[in-house]
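Please keep the sequence and the structure in view while reading.

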Amino acid sequence: MRVFLLVVAVVAAGCGNVKESLVERAIADLREEAGLVERTTVLDGRTVAYLERPGAEPTVVLVHGFGAQKDAWIRFAEAYPEGQRLVVPDLAGHGDSVRDPDATYDTQRLTAELSALLDVVAPDRIDVAGNSLGGAIAARLALVRPQVRRLVLLDPAGVRGPTPTPLDTLLAQGESALVPTTRAEFDRLVDLAFVSDPEIPGIARDVLT
């Protein structure tokens, strides 16, 4: 409620820096409620960011989708049973992990980078959940890491339905529907991604756009 009231207080001002600061504060509060701590490690000179909740093994690894970041899993992590260790990475090129504009972040590279991170932070048995692109990466990860015990694939990329989706249609028309650059495009992406309105506050939509 405190964060919400602060957000309301500055909506009219429209200050970009203030908006970003408020959203960052709200995210930090949600991380704390979920018991998640922000961490980084360096792999071959590249900084990799992730969230961790200490707890019992096997570790549960949560893999976000294209254009998303580790904080996409906060609400899920908050609802997850206490006492279970969670590791929630920013995939290479996403979130707070280092981004190389000259690199190609295909599923093969993203899987290899995630596996290298897990060698350091979760080398033993793991359960993996992946959403969208993260689902495709989770499936690939299971092929290269025998430590993966279980997979949960949520709307995984690479699986086609019998009829084209609205997103398939937009992509076939050459539209970058997954890379919004305006508020209207962001709102359209939310409509494509969610069955029901996730009620993202307007100030957060502006910052995410």
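A residue is called buried when its relative accessible area is under 20%, exposed when over 50%, and partly exposed in between, with a 1.4 Å probe and protein chains only. This is a predicted model, in which local features need pLDDT of at least 70 and side-chain atom pairs count only at pLDDT 80 or more, while totals for chains, interfaces and linings use all residues. Residues are numbered from 1 along each chain as its sequence is written, and side-chain values use heavy atoms, with hydrogens and water left out.

Phenylalanine 76 illustrates the middle class: it counts as partly exposed because its relative accessibility is 39%. This phenylalanine 76 lies in helix H3; helices (H or I, at least four residues) and strands (E, at least two) are DSSP runs, numbered from the N terminus. In the loop between S3 and helix H3 (74-79) one finds aspartate 71. Aspartate 71 counts as buried because its relative accessible area is 12%. Leaving aside residues up to four places away in sequence, aspartate 71 touches Ile27, Arg31 and Leu51, where contact means heavy atoms within 4.5 Å.

The helix pair comes next. Two packed helices are described by the angle between their axes and the distance between the axes. For helix H4 (residues 107-121) and helix H5 (residues 133-144), the packing angle is about 65° and the axes are 9 Å apart. Axes are lines fitted to C-alpha atoms, for helices over the stretch in contact, and angles run from 0 to 180 degrees between N-to-C directions. H4 contributes Thr107, Gln108, Leu110, Thr111, Leu114, Ser115 and Leu118 to the contact, and H5 contributes Leu133, Ile137, Arg140, Leu141 and Val144. By class, the contact comprises seven nonpolar, four polar and one charged residues; Ala, Val, Leu, Ile, Met, Phe, Trp, Tyr, Cys and Pro count as nonpolar, Asp, Glu, Lys and Arg as charged, and the others, Gly among them, as polar.

Which residues of H5 are buried? They are Leu133, Gly134, Gly135, Ala136, Ile137, Ala138 and Leu141. Their cover includes strand S3 (56-63), H4, strand S5 (126-131) and strand S6 (148-154).

A nonpolar core is a set of buried Ala, Val, Leu, Ile, Met, Phe, Trp, Tyr and Cys residues joined through side-chain atoms within 4.5 Å. The largest such core has 21 residues, of which Leu118, Ile126 and Val128 touch the most other members. At least two residues of this core come from each of strand S2 (46-53), S3, H4, S5 and H5, and H4 supplies the largest share, five residues. A second, separate core of 11 residues includes Leu36, Ala77, Leu86 and Ala129. Not counting residues up to four places away in sequence, the contacts of isoleucine 126 include Pro58, Leu118 and Leu141.

Finally, some backbone features deserve attention. Most residues other than glycine have a negative phi, and most peptide bonds are trans. Glutamate 57 and proline 58, however, are joined by a cis peptide bond with omega of about 5°, and proline 58 lies in strand S3. Aspartate 155 has a positive phi, near 50°, and is placed in the loop between S6 and helix H6 (166-172). Because its relative accessibility is 64%, aspartate 155 counts as exposed. Glutamate 199 also has a positive phi, near 55°, in the loop between helix H7 (183-193) and helix H8 (202-208). Glutamate 199 counts as exposed because its relative accessibility is 66%.
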